[in-house]
Amino acid sequence: MESFSPDPVALLEREDEGFSSMLQDIASFPRSSKSTPTVTALQTTLRFPITCAGVGLHTGRNITLRIEPAPASTGVVFHRIDIAGTPIPARYDHVVETRLSTVIGSKDDHRNRVATIEHLMAALSGKGIDNARIFLDGPEVPVLDGSSADFLFLLDCAGRVKLEQPRREIEILKPVRVQEGSVFAELLPNARNELSLSMTIDFPARAIGRQSLGITLDEAAFRKEVSFCRTFTNRQEIDALRAAGLALGGSLENAIVVDEEKVLNPTGLRARDEFVRHKLLDAVGDLFLVGAHLRGRFVGHKSGHHLNNMLLRTLMADISAWRELPPASGIASSRQAA
Ligand SMILES: [Zn+2]
């Protein structure tokens, strides 16, 4: 297991007051103009390491997860300590499978992969954590309750600190769209310097049906609107997955299970439209694999991990469709002088 000790000089200040301090920082830096946005926030990492253990959804194995602080511009990096695997960056171009979850892996060692990263990535994005090293002793992230709520709780416990580098932000300059049949996902420019997401789903199971929702992503909205919403499946799908040796850790404790018009979980739903909220949560996690904070509008229609990943690959391949925003003048130097 690689060890890392955070540099106390680089860890600037505690943010127990949460996102409000970041907003104050943003407000205190001048914006040059609406048409030329700049990066006004600093990168962050955890204040303390934090550990938890839980079952993996697909393997059914008990897996220990440890999240550690990391220096500026590390990004989010996964490490498989059980096989001494090389570090795997949590980036769109390291995604090796998207059928049941988002799986990242190294290109030269097919054993060195980590599945079901999306709910943890969503929590890191929602909480505004730019840099972290994540250590696992198995091939997937524990599913916990099937949402991002427990990951968000862990990140809240670990605390957040600012680092001396401006955050990486990518602005969408022109529409990019991927489509397969009636399913599509697109990224569009946003006149506001923020990421908004909207999603529509349409499932034959009457317990789900057609649902739509849109949010503008910030920590408060992530927490309140989507973080607690669980993954879902239908009963017939579980039988098929189990027969294929998958979803061995799946239970009513970590997924909503529907059977036509019925929700089989005894405690019911956490929100009337929990299903579309979870799909938005998945999109938040998948889009964070761009390795930066996006500034644009995401529109998904029945889109899941596969199309979300194709969208990022298509976006990044067209360098006229995006640009990395420049830091506001003085953002890092004013911090260093403080
Ligand atoms: Zn999910």
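Guide: Two strands are said to pair if DSSP finds at least two bridges between them. Helices (H or I, at least four residues) and strands (E, at least two) are DSSP runs, numbered from the N terminus. The structure is a predicted model, in which local features need pLDDT of at least 70, side-chain atom pairs count only at pLDDT 80 or more, and totals for chains, interfaces and linings use all residues. Residues are numbered from 1 along each chain as its sequence is written.

Visitor: Which strands form the open sheet, and in what order?

Guide: Strands of a sheet pair through backbone hydrogen bonds, either parallel or antiparallel. Here three strands form an open sheet in the order S6-S7-S8, with antiparallel pairing. Strand S6 (95-97) and strand S8 (113-114) are the edge strands, each pairing on one side only. Strand S7 (residues 103-105) is joined to S8 by two bridges, and Gly105 has Arg113 in S8 as its bridge partner.

Visitor: How is the packing of helix H6 and helix H7 described?

Guide: Axes are lines fitted to C-alpha atoms, for helices over the stretch in contact, and angles run from 0 to 180 degrees between N-to-C directions. Helix H6 (residues 274-287) packs with helix H7 (residues 305-317) at an angle of about 35°, their axes being 10 Å apart.

Visitor: Which residues of H6 and H7 meet?

Guide: Two residues are in contact if their C-beta atoms, placed from the backbone, lie within 7 Å. From H6, Asp282, Ala283, Asp286 and Leu287 meet His305, Asn308, Asn309 and Leu312 of H7.

Visitor: Which residues does the UniProt annotation "binding site" cover?

Guide: UniProt positions are given in the numbering used here, feature names are shortened, and annotations may be inferred rather than shown by experiment. In the unreviewed UniProt entry, "binding site" covers His119, His278 and Asp282. These residues gather at one spot, because no two of their C-alpha atoms are more than 9.4 Å apart although they span 164 residues in sequence.

Visitor: Is His119 buried or exposed?

Guide: A residue is buried if 20 or more other C-beta atoms lie within 10 Å of its own, exposed if 12 or fewer, and partly exposed in between. His119, in helix H2 (residues 118-127), counts as buried because it has 31 C-beta neighbours inside 10 Å. Apart from neighbours within four places in sequence, His119 is in contact with Ser147, Ser148, Phe151, Leu281 and Gly285.

Visitor: With which residues is Asp282 in contact?

Guide: Leaving aside neighbours within four places in sequence, Asp282 is in contact with Glu118, Gly304 and His305. Asp282 is found in helix H6 and counts as buried, with 26 C-beta neighbours inside 10 Å.
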